[in-house]
Structure formats: structure tokens, C-alpha cells
Amino acid sequence: MLIGDEVGTHTLIKKSAPRVCPVCLVEDRRQDDRFGGAGHVAWNIISIHRCHLHGAELMTLVTELPHMKGYDLHPIIRNNWPLIEERAATPTEGKPETSF
């Protein structure tokens with residue numbers, strides 16, 4: 001698998017639960033009032049803990065969906081929206097250089 005100019009394996013990707021930048025999702029929703037929110041590959045790379053745009057700590061979303069449906073980000077975002085909004089309002093900021 002190629003990520004940018006780097007070669008990696010499937011072990012680099014966190015597959016158990018999706019991670020997101022709450023600030024990105026809230027900004028996306030302000031532009032389009034649906035829960036569409038596109039995920040970013042970087043959010044699920046195990047060694048990345050902060051958004052490269054905002055420096056906000058990535059959050060892991062809770063999903064109770066069956067395994068294969070657990071990859072459909074739209075309903076997971078919708079089910080976690082109150083928590084996403086709360087975290088976006090008070091993001092834990094850090095050094096952007098700790099991410100892509």
C-alpha cells in the first residue's frame with residue numbers, strides 16, 4: 001500500500017473503529033447540512049493522533065453496527081454527532097507536526 005511516497009502494510013491502518021477530526025466534521029456540516037462527512041485516510045493511520053489541518057486530537061467513534069456496516073462512516077457520524085459537536089467546541093490542541 002502506498003501512502004504518499006511511503007510504502008506501508010495493512011497493519012498501519014486502525015480498523016476496529018473509525019477515527020475522525022471533530023473540527024473537520026463540524027466545518028464540513030456547516031458547508032453542507034447533511035451528515036455526509038468524508039473520512040480522511042490519515043485519520044485511521046495508527047501513528048497519527050492529530051488532525052493535520054487543526055492540530056485537534058482525533059477521536060474514536062463508537063459503533064455498534066455489525067462488522068461490515070461498521071465501515072459506513074455516515075451513520076456512525078450521525079449516531080455520534082452530539083459528542084462530535086462537543087469535542088469540536090473544545091478540541092485538545094497539540095503540535096501539528098505530530099501528524100501529516
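This is a predicted model: local features need pLDDT of at least 70, side-chain atom pairs count only at pLDDT 80 or more; totals for chains, interfaces and linings use all residues.
Beyond its close sequence neighbours, up to four places away, Val20 touches Leu25, Trp43, Leu58, Met59, Leu61 and Leu73.

Val20 is among the residues with the most contacts inside the largest nonpolar core, a set of 21 residues. In soluble globular proteins, nonpolar side chains tend to be buried together.

Now colour the helices that supply this core. Two or more core residues come from each of H1 (22-31), H2 (73-79) and H3 (81-89). Helix H1 gives the largest share, namely four residues.

Is Cys21 buried or exposed? Cys21 counts as buried because its relative accessibility is 0%. Cys51 is likewise buried, with a relative accessible area of 0%. A disulfide is a covalent bond between the sulfur atoms of two cysteines. Across the whole structure, however, the search finds zero disulfides. The cysteine sulfur nearest to that of Cys21 belongs to Cys51 and is 3.6 Å away. That separation does not qualify as a disulfide, because the sulfur atoms would have to lie within 2.5 Å.

Finally, select Arg29 and Trp81. The charged end of Arg29 sits over the ring of Trp81, at 5.0 Å from the ring centre.

How values were computed. Residues are numbered from 1 along each chain as its sequence is written. Side-chain values use heavy atoms; hydrogens and water are left out. A charge sits over a ring if NZ of Lys or CZ of Arg is within 6 Å of the ring centre and within 35 degrees of the ring normal. A nonpolar core is a set of buried Ala, Val, Leu, Ile, Met, Phe, Trp, Tyr and Cys residues joined through side-chain atoms within 4.5 Å. Buried means under 20% relative accessible area, exposed over 50%, partly exposed in between (1.4 Å probe, protein chains only). Contact means heavy atoms within 4.5 Å.
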